[in-house]
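Colleague: I am new to this structure and would like to be taken through it slowly. Please show it to me, and then let me ask about one part after another.

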Amino acid sequence: MSKMNVIKDAENKTLIFERIFEAPRARVWKAWTTAEQIAKWWGPRGWVTTVKEFDFRAGGHLLYAMKCEDPAQGDFYGREEWAKSVYETIDEPSSFSYKDYFTDEDGTVNQTMPSMTITMEFTETPEGTKVSSKTVFASQDAYEQTVAMGVVEGVGQTWDRLEELLGED
Amino acid sequence: MVEYALRLDDIFGSLADPTRRDILHRLQETELNVSEVAAPYDVSLAAISKHLKILEKAKLIMKRRQGKQQIVALQPQTMMQAAAYLNQYEQLWSERFDRLEQFLIEEDQ
């Protein structure tokens, strides 16, 4: 199993996740762009995805629920989360982009939660199809968003070092 | 799993201003009273109070009274939550890719 590559690109205010799949690009594309297939793998482990609405075209959307059906996940067990992807651009079979929102089951957007713009890219490589997911976090000021991410990262590292230090006792 | 309940907007909004970022950096070293916070900046105390209110609303700092003074301290756990959110987001994608790979393999069989 190949590992996910993570690129934190503060300069361009993005987070990129990449992974290579040993399958033809058309096959991988289909997994991302048909409701029946999305439902089979989209949610995290132990979560079941149900697609309520799906219209794969620019301006169309995917409305879905993810429900945790794994008793081992404690507090999450039984929890249901609704979300919506609104497709912005589609360039089959190499890329599409969408805005990701938290919603209720009618698709009404929860304005207090962060929304993100995600661009998916599918590239043919000798090893297989490279899937790249690029997230830009929504913010009133994209530059400040970057700074925020940098600050967050810096603090995380500080705490890592602190933990190392405490572990030395 | 992704914890959705975090007010990232408030946190990132508060960090949007250079003075507020500077205040946070200084508070990493030590707690300060309100006049100490205001001292290096060429703005009114009222302007600093406004900055502090925004930081307090985002739970990046907390204020407490000590005698006649108001002491300002960092609330590092909020930053930790934001960092945790980003980590969870990464974890979500990692699991998603795992499941996609599994799905593609099973489909083949």
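Colleague: What percentage of the 169 residues in chain A is made up of buried residues?
Modeller: This is a predicted model, in which local features need pLDDT of at least 70 and side-chain atom pairs count only at pLDDT 80 or more, while totals for chains, interfaces and linings use all residues. Residues are numbered from 1 along each chain as its sequence is written, and chains are lettered from A and ligands numbered from 1 in the order in which they are written. A residue is buried if 20 or more other C-beta atoms, placed from the backbone, lie within 10 Å of its own, exposed if 12 or fewer do, and partly exposed in between. By that rule, the buried share of chain A is 21%.

Colleague: Which pattern does chain A follow along the sequence?
Modeller: Helices (H or I, at least four residues) and strands (E, at least two) are DSSP runs, numbered from the N terminus. Chain A has three helices and eight strands. Read along the sequence, they give the pattern β-β-α-α-β-β-β-β-β-β-α.

Colleague: Is A:Ala23 buried or exposed?
Modeller: A:Ala23 is found in the loop between strand E2 (14–21) and helix H1 (25–33) of chain A. Two residues are in contact if their C-beta atoms, placed from the backbone, lie within 7 Å, and, leaving aside neighbours within four places in sequence, A:Ala23 is in contact with A:Val28, A:Gly128, A:Thr129 and B:Leu104. Because 21 other C-beta atoms lie within 10 Å, A:Ala23 is buried.

Colleague: How many C-beta atoms lie within 10 Å of A:Phe56?
Modeller: A:Phe56 has its place in the loop between strand E3 (47–54) and strand E4 (61–68) of chain A. Not counting residues up to four places away in sequence, A:Phe56 touches A:Thr33 and A:Tyr87. A:Phe56 is partly exposed, because the number of other C-beta atoms within 10 Å is 18.

Colleague: Which residue is the bridge partner of A:Trp82 in E6(A)?
Modeller: Two strands pair if DSSP finds at least two bridges between them. Strand E5 (residues 80–91) of chain A runs antiparallel to E4(A), joined by seven bridges, and antiparallel to strand E6 (residues 95–103) of chain A, joined by nine bridges. E5(A) and E6(A) form a hairpin with three residues between them, and in E6(A) the partner of A:Trp82 is A:Thr103.

Colleague: Turning to chain B, what is the order of the strands in the open sheet?
Modeller: The open sheet of chain B has three strands with antiparallel pairing, in the order E1-E3-E2. Its edge strands, each pairing on one side only, are E1 and strand E2 (61–66) of chain B. Helix H2 (residues 18–29) of chain B packs on the sheet, touching E1, E2 and E3 of chain B, and its direction makes about 90° with that of E3(B).

Colleague: Which residue takes a positive phi in the hairpin of E2(B) and E3(B)?
Modeller: E2(B) and strand E3 (residues 69–74) of chain B pair in the antiparallel sense over six bridges. B:Ile61 stands opposite B:Leu74 in E3(B), and B:Arg65 has B:Gln70 as its bridge partner there. The hairpin has two residues between the strands, and the residue with a positive phi near 60° is B:Gly67.

Colleague: At roughly what angle do the axes of H2(B) and H4(B) cross?
Modeller: Axes are lines fitted to C-alpha atoms, for helices over the stretch in contact, and angles run from 0 to 180 degrees between N-to-C directions. Angles under 35 degrees count as roughly parallel, over 145 as roughly antiparallel, 65 to 115 as roughly perpendicular and the rest as oblique, so H2(B) and H4(B) are roughly perpendicular to each other. Their axes come within 10 Å, and the crossing angle is roughly 70°.

Colleague: Which helix has the lowest mean pLDDT among the elements of chain B?
Modeller: pLDDT is the predictor's confidence in each residue, from 0 to 100, and its mean over chain B is 83, with 84% of the residues at 70 or more. It stays under 50 over residues 1–6 of chain B. Where pLDDT is low, the predicted coordinates should not be read in detail. Among the elements of chain B, strand E1 (residues 32–33) has the highest mean, 96, and the lowest, 64, belongs to helix H1 (residues 8–14) of chain B.
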